[in-house]
Every structure is written in C-alpha cells, then in structure tokens.
Amino acid sequence: MAKSKFEYVRSFETDDTCLRNCYIVVRLDGRNFHKFSEQHGFTKPNDNRALGLMTRSAQSVMEELEDIIIAYGQSDEFSFVFKRTSNWFKRRASKLMTHVASQFSSSYVFYWKEYFEEQPLLYPPSFDGRVVLYPTNRNLRDYLSWRQADCHINNLYNTVFWTLVQKGGLTTAQAEDRLKGTLAADKNEILFSEFDINYNNESALHRKGTILLWKKHEETVIRRMKQPNAEEKEVPVTRSKRRVENLYCDIIGEQFWEEHPDILEEDN
Ligand code: DGT
Ligand code: MG
Ligand code: MG
Ligand code: MG
Ligand code: MG
C-alpha cells in the first residue's frame with residue numbers, strides 16, 4: 001500500500017520497550033485520595049468498602065489483561081507484576097501501564113455501587129501509573145516487601161492515631177504530638193496498655209494488605225454428546241481453570257514463596 005507523505009511522523013515515537021528478562025511492575029496510586037476519601041466519607045483508619053473496591057478493580061485488571069502473575073495492594077495503591085517472559089504489547093511500557101490504569105479506573109467506577117451502595121460517587125477518580133523493571137527475583141521480592149512494610153508502618157501509625165482520637169478523646173493535634181518520635185514498640189504498647197488492643201489481632205487485611213494470585217482448580221461439567229450412529233450421552237468433561245485468589249498474609253518472609261513456587265521464574 002502506498003504510504004502518505006505524513007507517514008514519517010511515526011518515527012518520532014520513542015522506543016519504550018521494557019528490557020527483556022525483567023519483571024515488569026506497574027504501580028497505580030489514587031490521585032489526591034486524601035481529599036477523595038474525605039469527600040466520600042471513608043471510615044478511618046481503614047474503610048473496608050474502599051479496600052474491597054480496590055481489590056475488585058485489581059481483580060478485573062488481572063482477568064482482562066495478560067500475563068500478570070501477582071498483584072499487591074494497600075491504601076489507594078496497587079502493584080501488578082507481569083511475568084518476566086511476557087511479550088504482551090511487545091513489552092511496551094506505555095501500553096502496559098495505560099491498559100492497567102484505564103482498566104482499573106473504569107472498574108473502580110463500574111463497581112463503585114456494589115461497595116458503596118447509598119454513598120454516591122461525586123466525581124470521576126483517577127490513578128497515576130508508573131513502570132519499574134526488576135531483573136532478579138531478589139529485587140522483585142524486595143519491591144513487594146517494601147510495599148508491605150509501608151502498609152505495616154502506615155497502618156500501625158494510623159491505628160494508634162485514630163484509637164487515641166476515637167477512644168482516647170484526644171484531638172488530632174494531641175494525637176500527633178503524642179506519637180512524635182515513638183517507635184513501633186511504643187505504639188504497640190500504647191494500644192495494649194491503654195486500650196487493651198493487641199495489634200497482632202487486628203484485621204490481617206489492614207495489617208498485611210491484599211495479595212492477588214492465580215489459583216488453579218479443576219472444573220467438571222456434564223456435556224451432552226452425540227456420536228454418529230449412537231445415542232446422545234451425558235459425558236463429564238473436566239477442565240483446568242484458574243481464578244483470582246485473595247490472600248492477606250506475610251510476603252516478606254520465606255514461607256509465602258515456598259508455598260507458592262510457581263510465581264517466580266528462575267534467575268538465569
Ligand atoms: P497523591 O497520591 O500524591 O495524588 O495524593 P494522595 O492524597 O492520594 O496521597 P497518598 O496516595 O500518599 O495517600 C493515600 C491517601 O488516601 C491518604 O490520605 C489516606 C487515604 N486513604 C486510603 N485508604 C483509606 C481508607 O481506607 N480510609 C481512609 N479514611 N483514608 C484512606
Ligand atoms: Mg503519592
Ligand atoms: Mg494517592
Ligand atoms: Mg498512596
Ligand atoms: Mg488501537
């Protein structure tokens with residue numbers, strides 16, 4: 001086909017192919033969710049409707065896009081890990097990132113009502129995205145550990161902060177003052193000695209965040225089959241299927257990775 005004289009503009013497109021052999025991580029983060037959470041009446045420190053909706057949207061990303069092996073979410077963020085051998089969209093960073101961000105954002109709006117019921121969505125939310133490449137299994141594990149450690153630090157702080165305010169009667173300024181310079185052990189101690197709360201018994205969803213994985217299962221359906229010159233018969237047909245599974249567990253230690261050996265591909 002003859003090319004138009006305008007065709008050359010294509011050569012201005014920059015090459016953003018992700019380096020081969022690397023895990024591709026796309027992390028999304030809600031834009032200005034400080035304000036969004038206030039305006040939509042999110043409960044403090046954690047709103048299970050909001051967390052549920054984030055997870056539902058991430059599940060839609062995993063189901064609709066190719067090659068995501070694990071996702072991890074907390075607060076207003078979600079990270080999606082593409083398998084290192086993925087060749088989806090020729091590994092073009094902009095394609096991967098924008099597909100993740102738009103599938104996630106449209107799902108967030110699409111499923112809003114299922115989670116927030118009578119609370120209307122007041123304006124269209126949006127999510128920023130970034131792409132990061134990790135060349136080794138250790139780097140990828142450290143990335144996920146970093147996000148989970150962040151979840152832990154923030155959740156411990158927010159749990160004590162809002163307990164001091166909601167149960168201890170402190171103003172937010174007093175609670176902030178009270179927590180200045182405290183270490184994790186001090187925060188655990190405040191919860192335990194003053195409020196009879198053992199932090200380790202708080203919801204795992206809030207302490208650990210949400211891990212999404214593929215889980216394989218067998219599905220058997222009865223099919224009516226008609227062979228030539230024979231009666232129609234009912235035959236069981238078993239197929240291997242996969243569905244997204246939610247976990248709220250530690251991913252920093254070895255145990256998780258020993259229990260799920262097929263997430264990582266060997267370094268070589
Ligand atoms: P950004 O990301 O730079 O556009 O700005 P923000 O405001 O989204 O900041 P970020 O992402 O660092 O912090 C997340 C905000 O979302 C933070 O203000 C707390 C809020 N948020 C997230 N999950 C919950 C929740 O379950 N309950 C409440 N009350 N707030 C939440
Ligand atoms: Mg931010
Ligand atoms: Mg944000
Ligand atoms: Mg955030
Ligand atoms: Mg197109």
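Guide: Start with Glu254, which is partly exposed at a relative accessible area of 44%. Keep in mind that this is a predicted model.

Visitor: What makes Glu254 partly exposed?
Guide: Buried means under 20% and exposed means over 50%. Glu254 has 44%, so partly exposed is the label.

Visitor: Why is Arg141 called buried?
Guide: The relative accessible area of Arg141 is 8%. The cut-off for buried is under 20%, so Arg141 falls in that class.

Visitor: Why is the contact between Glu254 and Arg141 called a salt bridge?
Guide: The closest N and O atoms are 3.2 Å apart. The limit is 4 Å, so the pair counts. Glu254 lies in helix H9 (residues 254–259) and Arg141 in helix H5 (residues 137–166). The bridge therefore ties together parts that are 113 residues apart in sequence.

Visitor: What makes Glu194 and Arg178 a salt bridge?
Guide: Their N to O distance is 2.9 Å. That is within 4 Å, so the label holds. Helix H7 (residues 184–195) supplies Glu194, and helix H6 (residues 172–179) supplies Arg178. The pair joins parts 16 residues apart in sequence.

Visitor: How do you know whether Glu194 and Arg178 are buried, exposed or partly exposed?
Guide: Glu194 has a relative accessible area of 41%, and Arg178 has 36%.

Visitor: What about the side chains of Lys44 and Glu38, and why is theirs a salt bridge?
Guide: They meet at 2.9 Å, N to O. Lys44 is partly exposed at 34% relative accessibility, and Glu38 is partly exposed at 44%.

Visitor: How many salt bridges does a search of the whole structure find?
Guide: The search finds 16. Glu77, Arg147 and Asp150 are linked in a network of salt bridges.

Visitor: Turn to the metals. Which residues coordinate the magnesium ion (ligand 3)?
Guide: Asp29 (OD), Gly30 (O) and Asp76 (OD) do, at 2.0 to 2.2 Å. The cut-off for a donor is 2.8 Å, so these atoms qualify. Their spacing in sequence is D-G-x45-D.

Visitor: Why is the arrangement around the magnesium ion (ligand 3) called octahedral?
Guide: Six donor atoms subtend angles of 79 to 180°, which makes the arrangement octahedral. Ideal angles for six octahedral donors are 90 or 180 degrees.

Visitor: What are the protein donors of the magnesium ion (ligand 4)?
Guide: They are Asp29 (OD) and Asp76 (OD), lying 2.1 to 2.2 Å from the ion. The pair links distant parts of the chain, 47 residues apart. Asp29 is in strand S1 (residues 23–30). Asp76 is in the loop between strand S2 (68–74) and strand S3 (77–82).

Visitor: How do you know that Asp76 is buried but Asp29 is partly exposed?
Guide: Asp76 has 12% relative accessibility, and Asp29 has 22%. The cut-off is 20%, so the two fall on either side.

Visitor: Where does the magnesium ion (ligand 2) come in?
Guide: The magnesium ion (ligand 2) is 4.9 Å from the magnesium ion (ligand 4) and 4.3 Å from the magnesium ion (ligand 3).

Visitor: Last, why is Phe12 called exposed?
Guide: Phe12 has 63% relative accessibility. Exposed means over 50%, so Phe12 qualifies. Phe12 lies in the segment before S1. With Tyr8 and Val9, Phe12 forms a nonpolar surface patch of about 370 Å² of accessible area together.

How values were computed: Residues are numbered from 1 along each chain as its sequence is written. Chains are lettered from A and ligands numbered from 1 in the order in which they are written. This is a predicted model: local features need pLDDT of at least 70, side-chain atom pairs count only at pLDDT 80 or more; totals for chains, interfaces and linings use all residues. Side-chain values use heavy atoms; hydrogens and water are left out. Donors are N, O and S atoms within 2.8 Å of the metal (3.2 Å for Na, K and Ca); water is not among the atoms, so sites may look incomplete. Helices (H or I, at least four residues) and strands (E, at least two) are DSSP runs, numbered from the N terminus. Buried means under 20% relative accessible area, exposed over 50%, partly exposed in between (1.4 Å probe, protein chains only). Patches are made of residues with over 30% relative accessible area and no salt bridge: like charges are joined within 9 Å, nonpolar side chains (Val, Leu, Ile, Met, Phe, Trp, Tyr) within 5 Å. Accessible areas come from the Shrake-Rupley method with a 1.4 Å probe; for residues, only the protein chains shown count as cover. Four donors count as tetrahedral if all angles lie between 85 and 135 degrees; four count as square planar and six as octahedral if opposite donors are over 155 degrees apart and all others between 65 and 115; anything else is irregular.
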